[in-house]
Amino acid sequence: MLQVHALEKTFPLEHGVVKAVDNLSFSVSPGQVYGLMGPNGAGKTTTLRMILGLLEPDSGEIEVDGFRGGEQTTEIKSRLGFVSAGDGVYPWLTVREMLLYFADLYGVDPPEAAERLKELADLMEITRFLDRRAGGLSTGQRQRVTLVRGLIHDPPVMLLDEPTRGLDVVGSQTIFEYISHLRSVGKAVVVCTHRLDEAERLCDSFGLLHEGRLRFEGSLQELQVQTKRQTLVEMFVDLLKPSEISAAS
Ligand SMILES: Nc1ncnc2c1ncn2[C@@H]1O[C@H](COP(=O)(O)OP(=O)(O)OP(=O)(O)O)[C@@H](O)[C@H]1O
């Protein structure tokens, strides 16, 4: 389970400051897919960076399976999986070497890592190229490898940042199936995406961020009642016209 409590982050600018994340709270339960959505500059990446322990919040707290940020950041990191559109591979390592290397970084015991790799390689259909150098893989094959990498340490919480960016229909379909798998095995999943049509299909609940604040939150049905709009696209258009909406909080 992921819980974010009253998270705040302000960045200094040359003249003034920008409040990137403003009193943000949300939680994601096992088996739930939560779409953290918002227009450019809404604060999504800053939020993910704070959850991942890459950026220190000004205030607020991150909790993963009962472990809290601060002195327990290492415990939190080992319980998070991260997949991003920009993920690369180590070109000179074989796929097996690279994935076992990541398992080792996360402190997974070698026999357990080998077993886990076998399972995930079957699931994501990468078994046949496990012993090929990662640099020679096609885009679709690399994508599958990076999806396996995100799960190699069996984290309870998965963060996906624009996972379908730059992918064709087949690549996007792989992501949809991956997310369905994550849900079915009880991961708590956060997906940040600009693809609102995809998000509607993929996510069980949504947090709509604007200027660092959570403006609306709930299932699509609940959002439709709150916003009096049918689609996420319409809700986003309204978000960009702040004077015409009534904030949820
Ligand atoms: N290191 C930084 N220094 C100064 N301002 C920053 C920094 N990082 C982010 N910001 C500002 O914080 C706000 C939120 O940015 P963030 O990247 O979190 O938004 P986002 O929702 O991920 O946007 P996008 O969808 O465009 O990636 C923006 O106004 C951005 O300019």
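What follows is a short chat about a predicted model.

Me: Hi! Before I start, what should I know about numbering and confidence?
Reply: Residues are numbered from 1 along each chain as its sequence is written. As this is a predicted model, local features need pLDDT of at least 70 and side-chain atom pairs count only at pLDDT 80 or more, while totals for chains, interfaces and linings use all residues.

Me: Great. Which residues are around the ligand?
Reply: They are F11, V18, A20, G38, N40, G41, A42, G43, K44, T45 and T46. Near here means that the C-beta atom, placed from the backbone, lies within 6 Å of the molecule.

Me: Which element gives the most to that shell?
Reply: Helix 1, with three residues. Strand 2 (16-28) and helix 1 (44-51) each supply at least two. Helices (H or I, at least four residues) and strands (E, at least two) are DSSP runs, numbered from the N terminus.

Me: And by class, what is in the shell?
Reply: Four nonpolar, six polar and one charged residues. Ala, Val, Leu, Ile, Met, Phe, Trp, Tyr, Cys and Pro count as nonpolar, Asp, Glu, Lys and Arg as charged, and the others, Gly among them, as polar.

Me: Switching to the sheet: what is the strand order?
Reply: Six strands form an open, mixed sheet in the order 6-7-8-3-9-10, where pairing takes at least two DSSP bridges between two strands. Strand 6 (80-84) and strand 10 (213-218) are at the edges with a single partner strand each, so one side of each has no neighbour in the sheet.

Me: How do strands 6 and 7 run, parallel or antiparallel?
Reply: Parallel, with five bridges joining strand 6 to strand 7 (residues 157-161). For instance, G81 has M158 as its bridge partner in strand 7.

Me: Nice. Where is A6, and what about its phi?
Reply: A6 is in strand 1 (residues 2-13), and its phi is near 45 degrees, a positive value in a residue other than glycine. Most residues other than glycine have a negative phi.

Me: Is A6 buried or exposed?
Reply: Exposed, with 12 other C-beta atoms within 10 Å. The cut-offs, with C-beta atoms placed from the backbone, are 20 or more others within 10 Å for buried, 12 or fewer for exposed, and partly exposed in between.

Me: What about D65, where does that one sit?
Reply: D65 lies in the loop between strand 4 (59-64) and strand 5 (67-68). Its phi is also positive, near 45 degrees, and D65 is partly exposed, with 15 other C-beta atoms within 10 Å.
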